[in-house]
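Please open the model in your viewer and keep the sequence panel beside it. The stops below say what to select next and what is there.

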Number of protein chains: 2
Amino acid sequence: MNVLIVYAHPEPRSLNGALRDFAVEHLEAAGHTVQVTDLYAMNWKAAFDANDVTDRAPDTRFDPSLDSKRAFAAGTQSEDIAREQEKLKWADAVILQFPLWWFSMPAIMKGWFERVYAYGFAYGVGEHSDTHWGDRYGEGLFAGKRAMVVVTTGGWESHYSPRGINGPIDDVLFPIQHGVLYYPGFDVLPPFVIYRTGKMNEARFDETRIALGKRLDELWTTQPIPFRRQNAGDYEIPALTLKDEIVPGKVGFAVHLAHEG
Amino acid sequence: MNVLIVYAHPEPRSLNGALRDFAVEHLEAAGHTVQVTDLYAMNWKAAFDANDVTDRAPDTRFDPSLDSKRAFAAGTQSEDIAREQEKLKWADAVILQFPLWWFSMPAIMKGWFERVYAYGFAYGVGEHSDTHWGDRYGEGLFAGKRAMVVVTTGGWESHYSPRGINGPIDDVLFPIQHGVLYYPGFDVLPPFVIYRTGKMNEARFDETRIALGKRLDELWTTQPIPFRRQNAGDYEIPALTLKDEIVPGKVGFAVHLAHEG
């Protein structure tokens with residue numbers, strides 16, 4: 001299978017760098033083909049702006065959505081954007097690997113999504129009507145592909161537990177796992193989280209590699225997070241609220257998991 | 001009072017640009033002093049990396065936290081970082097204004113926090129012991145300052161309602177409002193959210209300006225979001241889980257609001 005690792009850490013001689021190298025070797029040893037988008041190493045342009053559309057008339061007003069739509073359709077996107085889109089089309093699975101900085105992905109990775117996730121590619125796809133609100137949240141161009149987050153954090157596991165002060169890790173990652181990955185159709189696997197990186201030692205590093213290797217071996221068999229499909233009957237359309245009879249009275253991110261019913 | 005507007009939109013002739021201009025005029029007319037950090041206009045460097053520490057020996061391993069700590073303490077940070085830190089110290093209130101892109105702030109703004117929020121400035125502040133886990137979540141260098149998010153989104157209000165498919169807006173913004181703003185001590189005001197920006201017209205724009213003006217007039221009197229203080233007795237330390245007797249059995253972001261008790 002084809003695996004794309006989108007990776008963001010400024011220092012290759014870091015825990016993240018070591019785990020990235022391990023993942024590449026492990027996947028290749030299992031017979032997979034791996035490409036790595038190493039955002040810092042390639043000096044990825046993080047900010048989405050008018051320069052990302054190559055055929056704009058000077059001094060015209062830049063509209064992030066509409067210019068993205070036009071450039072994607074016309075093939076006038078920046079070449080670096082188009083190249084990353086090809087990698088996404090090529091991949092059977094995508095691994096996002098990053099340190100959790102301020103409760104989200106590093107800016108350079110956020111900017112990869114803002115630029116590569118064009119209108120017509122990752123959003124604005126499909127019919128919008130009273131029964132179908134775009135091919136998204138379970139449908140879309142990436143349907144059938146798998147995605148997994150591999151994330152490191154200095155905080156303790158308890159700080160990210162259900163009643164931990166940082167919020168439950170599943171909720172902290174919801175805007176990424178549901179909003180960025182499930183939205184254009186990926187099946188999203190449970191994340192691989194490494195806590196308390198300041199206390200890493202040789203023994204823990206060995207355990208971590210073994211655990212990550214197991215998750216990579218199970219990339220094609222692990223049950224995805226059971227996010228609810230937008231257009232399969234659970235939501236009112238176009239309000240896109242969960243129907244009253246489904247987990248009645250409950251609110252929050254967790255209601256968008258089917259097993260909560 | 002001193003107000004810092006940290007603003008990210010690539011097109012000044014946009015809804016965001018118009019609201020930013022309105023906010024500056026409105027605040028100045030009320031006698032406040034305003035500075036704007038216009039991230040796209042200043043071509044802000046989004047990616048935090050080894051170049052942000054000016055006195056590093058070549059080929060040494062870059063540690064984002066420890067290098068940030070050393071550079072902040074020694075005064076060897078990049079000049080653009082130090083300048084933004086001065087603005088934060090100067091401000092009595094900070095307004096973050098941005099379009100919601102993929103359920104978070106634009107990359108260029110995320111990179112502003114990653115670079116400006118140095119170790120010793122916005123995190124890693126204060127004693128860490130069995131009764132006090134750093135000056136954070138209600139304490140820290142920005143205690144006594146106020147912050148407010150002003151955010152636009154193409155989605156409908158219902159899509160971000162308590163049972164809306166994107167998740168409740170308060171939960172979508174929790175990593176920013178609690179994790180980025182409350183963490184170093186800001187009192188965080190309820191956000192000002194403009195939905196369905198594709199359907200903006202003259203009448204709605206007038207209403208929006210009036211509503212934003214009112215929120216700006218009330219910047220000093222609005223009740224902040226009642227996030228729980230980390231070191232005030234609600235949490236076990238160092239596990240940093242909410243004590244069993246507080247909203248027993250409940251989980252998720254909302255338990256960190258005091259009125260949930």
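## A buried phenylalanine in a loop

Start with Phe227(A), which counts as buried because its relative accessibility is 8%; buried means under 20% relative accessible area, exposed over 50%, and partly exposed in between, with a 1.4 Å probe and protein chains only. This is a predicted model, in which local features need pLDDT of at least 70, side-chain atom pairs count only at pLDDT 80 or more, and totals for chains, interfaces and linings use all residues. Residues are numbered from 1 along each chain as its sequence is written, chains are lettered from A and ligands numbered from 1 in the order in which they are written, and side-chain values use heavy atoms, with hydrogens and water left out.

Phe227(A) sits in the loop between α7 (202–217) and α8 (230–234) of chain A. Helices (H or I, at least four residues) and strands (E, at least two) are DSSP runs, numbered from the N terminus. Neighbours within four places in sequence aside, Phe227(A) is in contact (heavy atoms within 4.5 Å) with Phe174(A), Gln177(A), His178(A), Tyr182(A), Val188(A), His256(A) and Leu257(A).

## The annotated span and the core

Select residues 1–214 of chain A, which UniProt lists, in an unreviewed entry, as "domain: Flavodoxin-like fold". UniProt positions are given in the numbering used here, feature names are shortened, and annotations may be inferred rather than shown by experiment. The span is 35% helix and 14% strand, and its end C-alpha atoms lie 16 Å apart.

Which residues have the most contacts inside the largest nonpolar core? They are Leu88, Leu96 and Tyr117 of chain A, and Leu88(B), Leu96(B) and Tyr117(B), in a core of 127 residues. A nonpolar core is a set of buried Ala, Val, Leu, Ile, Met, Phe, Trp, Tyr and Cys residues joined through side-chain atoms within 4.5 Å. Centre on Tyr117(A): beyond four places in sequence, its contacts include Leu88(A), Phe142(A), Phe186(A) and, from chain B, Trp102(B).

## The α4 pair

Show helix α4 (residues 107–116) of chain A together with helix α4 (residues 107–116) of chain B. They pack at an angle of about 180°, with their axes 8 Å apart. Axes are lines fitted to C-alpha atoms, for helices over the stretch in contact, and angles run from 0 to 180 degrees between N-to-C directions. α4(A) is therefore roughly antiparallel to α4(B), a term for angles over 145 degrees. Ala107(A), Lys110(A), Gly111(A) and Glu114(A) in α4(A) meet Ala107(B), Lys110(B), Gly111(B) and Glu114(B) in α4(B). By class, this contact has 2 nonpolar, 2 polar and 4 charged residues.

Most residues other than glycine have a negative phi, and most peptide bonds are trans. Go to Pro238(A), in the segment after α8 of chain A. The peptide bond from Ile237(A) to Pro238(A) is cis, with omega near 10°. Pro238(A) counts as partly exposed because its relative accessibility is 21%. Its C-alpha atom is separated by 7.9 Å from that of His132(A), 106 residues apart along the chain. Outside four places in sequence, Pro238(A) is in contact with Asp130(A), Trp133(A), Trp156(B) and His159(B).

In chain B, a cis peptide bond joins Ile237(B) and Pro238(B), with omega about 10°. Pro238(B) lies in the segment after α8 (230–234) of chain B.

Next, colour two residues with positive phi. Asp59(B) has phi near 65° and is found in the loop between β2 (33–38) and α2 (64–74) of chain B. Phe103(B) has phi of about 65° and is in the loop between β3 (93–99) and α4 of chain B. Is each side of this pair buried or exposed? Asp59(B) counts as exposed, at 70% relative accessibility, whereas Phe103(B) counts as buried, at 10%.

## Two last stops

Select Ala47(B), in the loop between β2 and α2 of chain B. Ala47(B) is buried, with a relative accessible area of 13%. With neighbours within four places in sequence left aside, Ala47(B) is in contact with Tyr40(A), Ile108(A), Asp52(B) and Arg115(B).

Finish at Lys243(A), in the segment after α8 of chain A, which is partly exposed, with a relative accessible area of 22%. Beyond four places in sequence, Lys243(A) is in contact with Gly233(A), Asp234(A), Tyr235(A), Glu236(A) and Arg163(B).

Terms used:
Angles under 35 degrees count as roughly parallel, over 145 as roughly antiparallel, 65 to 115 as roughly perpendicular and the rest as oblique. Ala, Val, Leu, Ile, Met, Phe, Trp, Tyr, Cys and Pro count as nonpolar, Asp, Glu, Lys and Arg as charged, and the others, Gly among them, as polar.
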